[in-house]
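Subject: Structure handover

Hello,

Here is the structure you will be taking over. My notes on it follow below.

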Amino acid sequence: MIDDDALDGRLFRARPDTPLRGAPLTGEQEELLASIMASAGVARPRRARGSKTVLERWLLGCWWRAGGRVPVVAVGSAAVSVWPVQTSHAVAVTPRVLQIQPLQGNAENLLLELSESVAAAAEPRPATTIRFEFWGLALSPQGSSVSMQPHETLLDYRSDGSTAVETRALQALAADGSPVDDPDARDAGELVLWHLYKKGEAVGVFSKPSLDTEWGSLLREGERLPADADAAGYFRAVANLLSEHPLSGSEQSELVRFLATLPDIHVEGELIDRLGRPGVGFVAPDGDYRRMLIISPELGVLAYELVYTGSSRTDVPSPAVIDYKAWY
């Protein structure tokens, strides 16, 4: 009989074949969505604080490893679809859109300059840990959301070849970023997931980068992108790669240099990310959405954000942050 740790590992590595956000739903998916929304008004018992269902562990693992590819978020609240379904009024609490100061220059030149500055500031020792804060939109069909709750994940690549992964809940927040007491949220610091990958077990789906990495091939293979992938696809792949492998400063520099080769990127401007760090935002359009990477002259890629900028959704305003990750 399989033990809990082995079951967690299998669920954590599962990658359901789900469509990209915003892609048309199949008839079967439409029927499933309709059944979820139709039953949303049924009263459900509130889970005890500290409890963790297998479904929550599976969804959380898939979400942080697959970025925006998994269309369901269930972290400390009822799991509901985050497809752009029409609703009668806005129900989601979302983070503030970052304030941006315009910056002159084209994306290619600025990215090349940032690549050089990251290389100059690079630490000689390779990184062995990844730590990042993340949040994803979770809608409540039963009424307006009370809060949003980011989480923090730590990956520790140990000297014995094993890798420990730990995710904890962070303080629940109101839309303006102030702390809020939400009885349905997890306690700040509550352990959501812990798993130990043994030596030789793959933590994710991306190959481990090195200084001679061909970044385009690595990103396309890990993210299953076509040969003619657009910049938005590569931005999403970068966010997922950085959530699986720690990069040295030199590798960060080469990754930023690769981004300079991509078309259809524009400079958003200078900004302060959600962890209070200065950087430059670069945006790739993706239909009704825009994907942004925030890059520091010293550290490389600081953060990733998906922002809705369309006009058809009524569950969120426009623009609205749909999800973000911030590495530190």
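Does Thr-314 count as buried, partly exposed or exposed, and at what relative accessibility? Thr-314 counts as partly exposed because its relative accessibility is 29%, where buried means under 20% relative accessible area, exposed over 50%, and partly exposed in between (1.4 Å probe, protein chains only). Thr-314 sits in the loop between β11 and β12. Its C-alpha is 9.9 Å from that of Ala-92, a residue 222 positions away in sequence.

Some conventions before the rest. The model is predicted, so local features need pLDDT of at least 70 and side-chain atom pairs count only at pLDDT 80 or more, while totals for chains, interfaces and linings use all residues. Residues are numbered from 1 along each chain as its sequence is written, and side-chain values use heavy atoms, with hydrogens and water left out.

Overall picture

The protein chain has 7 helices and 12 strands; these are DSSP runs numbered from the N terminus (helices H or I, at least four residues; strands E, at least two). Of the 328 residues in the protein chain, 49% are buried. A contact here means heavy atoms within 4.5 Å. Counting contacts between residues at least 6 apart in sequence, 65% join residues at least 24 apart.

The sheet

Ten strands form an open sheet with antiparallel pairing, in the order β3-β8-β9-β10-β11-β12-β4-β5-β6-β7. The edges are β3 (100-101) and β7 (191-197), each with a single partner strand, so one side of each has no neighbour in the sheet. Two strands are taken as paired if DSSP finds at least two bridges between them.

Along one stretch of the order, β9 (residues 278-286) pairs with β10 (residues 289-296) in the antiparallel sense over 7 bridges, with Val-280 opposite Ile-295 in β10. β10 in turn is joined to β11 by 8 bridges, also antiparallel, and these two strands form a hairpin with 3 residues between them. Leu-293 stands opposite Tyr-304 in β11. On the next pairing, β11 and β12 run antiparallel over 6 bridges, and the bridge partner of Tyr-304 in β12 is Lys-325. All 9 of the 9 residues of β11 are buried, so this strand is largely enclosed by the rest of the structure.

Further along, 7 bridges join β5 (residues 151-157) to β6 in antiparallel fashion, and His-151 is opposite Ala-169 in β6. β5 and β6 make a hairpin with 5 residues between them, and Gly-161 in the turn has a positive phi of about 95°. β6 and β7 are paired in the antiparallel sense over 6 bridges, with Arg-168 opposite Leu-191 in β7. In β6 (residues 163-169), 5 of the 7 residues are buried, so this strand too is largely enclosed by the rest of the structure.

Helices against the sheet

Helix α4 (residues 107-120) has 14 residues and reaches 20 Å from first C-alpha to last, close to the 20 Å expected at 1.5 Å a residue; the expected span is 1.5 Å times one less than the number of residues. Its buried residues are Ala-107, Leu-110, Leu-111, Leu-114, Ser-115 and Val-118. Seen down the axis of α4, they fall within an arc of 145°, so they line one face of the helix; the arc is that of the directions from the helix axis to the C-beta atoms. They pack against α7 (249-259), β8 (266-272), β9, β10 and β11. Glu-116 and Ala-120, on the other side of α4, are exposed. Asn-106 caps the N-terminal end of α4, with a side-chain oxygen 3.2 Å from the backbone nitrogen of Glu-108.

Helix α6 (residues 231-241) lies across β9, β10, β11 (300-308) and β12 (320-327), running at about 130° to β9. Axes are lines fitted to C-alpha atoms, for helices over the stretch in contact, and angles run from 0 to 180 degrees between N-to-C directions. α6 is mostly covered, with 11 of its 11 residues buried.

Two loop residues

Ser-243 is in the loop between α6 and α7 and counts as buried because its relative accessibility is 0%. Its side chain makes a polar contact with the side chain of Lys-325 at 2.9 Å. A polar contact is a pair of N or O atoms within 3.5 Å; within protein, one must be able to donate a hydrogen and the other to accept it, and residues adjacent in sequence count only if both atoms are side-chain atoms.

Thr-213 lies in the loop between β7 and α5 (215-223) and is buried, at 17% relative accessibility. The side chain of Thr-213 reaches the backbone nitrogen of Ser-210 at 2.6 Å.

Regards
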